[in-house]
Amino acid sequence: MRTSQPTAKAGLLFITQDNNLGKSKYIKAINMIEDCSLSFWSLEDGEQGVGNAFLLDRPLTAFFSSRQCPGAVILAAMAWAVEHAHSKSPVISGFHSPLEQSVLEVLFTAGAPCVIVITRKLEQAHLPPTWLLAAQNGKAAIVSMKDTTRRLTTELAARRNDWVAEHAARIVVAHASAGGSLLRQAMQWENKGRTVDYLLK
């Protein structure tokens with residue numbers, strides 16, 4: 001049985017420490033997080049996370065990209081990442097597609113804050129050391145969606161993207177492939193009154 005004790009509150013955030021996360025099959029992942037002196041916290045809607053939870057109280061810029069991108073888009077995204085990193089404004093994303101991962105590397109190198117949304121439970125996720133280091137240094141928050149699976153399905157990826165967009169003040173799409181799920185989602189966001197900024201039209 002898991003028990004959580006509130007230790008802090010920030011805006012919509014309820015910071016909690018889980019006292020019973022040491023399940024044997026999760027011990028490796030938990031030890032990685034404990035070695036970095038990171039505590040688990042929970043959002044009001046049930047999502048869990050580690051790292052700097054207070055980043056979610058700041059205006060966030062969502063960044064999305066399809067897996068396949070033209071070269072011009074890649075160059076534009078790298079330039080955008082460098083420019084945005086100087087602003088120190090947090091970027092939120094699943095950072096799953098190759099271009100999203102490249103943007104994350106640029107942001108981490110510049111010490112820019114990031115909110116990384118994953119679709120696995122934190123206990124099951126193999127978090128890269130660079131993510132854990134950024135979380136430990138207060139430069140990243142890693143959020144695990146409450147509805148998770150071991151494999152990323154199209155439906156779950158869409159729910160993650162919607163969650164990211166809902167928590168962002170601004171939405172940036174580097175590239176949405178014609179006929180792809182990201183383009184359909186971007187159109188849905190626009191139909192709901194959200195502005196979607198495309199790096200290249």
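User: In this predicted model, which side chain makes a polar contact with the side chain of R160?
Analyst: R160 sits in helix α5, residues 154–166. Its side chain makes a polar contact at 3.3 Å. The partner is the side chain of N161.

User: How far from R160 is the nearest side chain of opposite charge?
Analyst: R160 is buried yet has no salt bridge. A salt bridge needs a side-chain nitrogen of Lys or Arg within 4 Å of a carboxyl oxygen of Asp or Glu. For R160, the nearest side chain of opposite charge is E100, at 5.2 Å.

User: Are the residues of strand β5 buried or exposed?
Analyst: β5 spans residues 61–64. T61 and F63 lie on one side, A62 and F64 on the other. Both faces are covered, and the four residues are all buried.

User: What is the hand of the crossover from β5 to β6?
Analyst: β5 pairs with β6 (residues 91–93) in the parallel sense, over two bridges. A62 has I92 as its bridge partner in β6. The chain passes from β5 through helix α2, residues 71–87, to β6. This β-α-β crossover is right-handed.

User: Within what arc do the buried residues of α4 fall?
Analyst: Helix α4 covers residues 129–136, and its buried residues are W131, L132, A134 and A135. They line one face of the helix, because seen down the axis they fall within an arc of 160°.

User: Which residue just after α4 takes a positive phi?
Analyst: The phi in question is about 80°. The residue is G138.

Key:
Residues numbered from 1 in each chain as written. Predicted model: local features only at pLDDT ≥ 70, side-chain atom pairs only at ≥ 80, totals over all residues. Heavy atoms only, no water. Buried < 20%, exposed > 50% of the residue type's maximum accessible area, 1.4 Å probe, protein only. Pairing = 2+ DSSP bridges. Right-handed = clockwise from strand over helix to strand, strands pointing away. Lys, Arg positive; Asp, Glu negative; His and termini not counted. Polar contact = N/O pair within 3.5 Å; in protein donor to acceptor, adjacent residues only side chain to side chain. Arc of directions from axis to C-beta.
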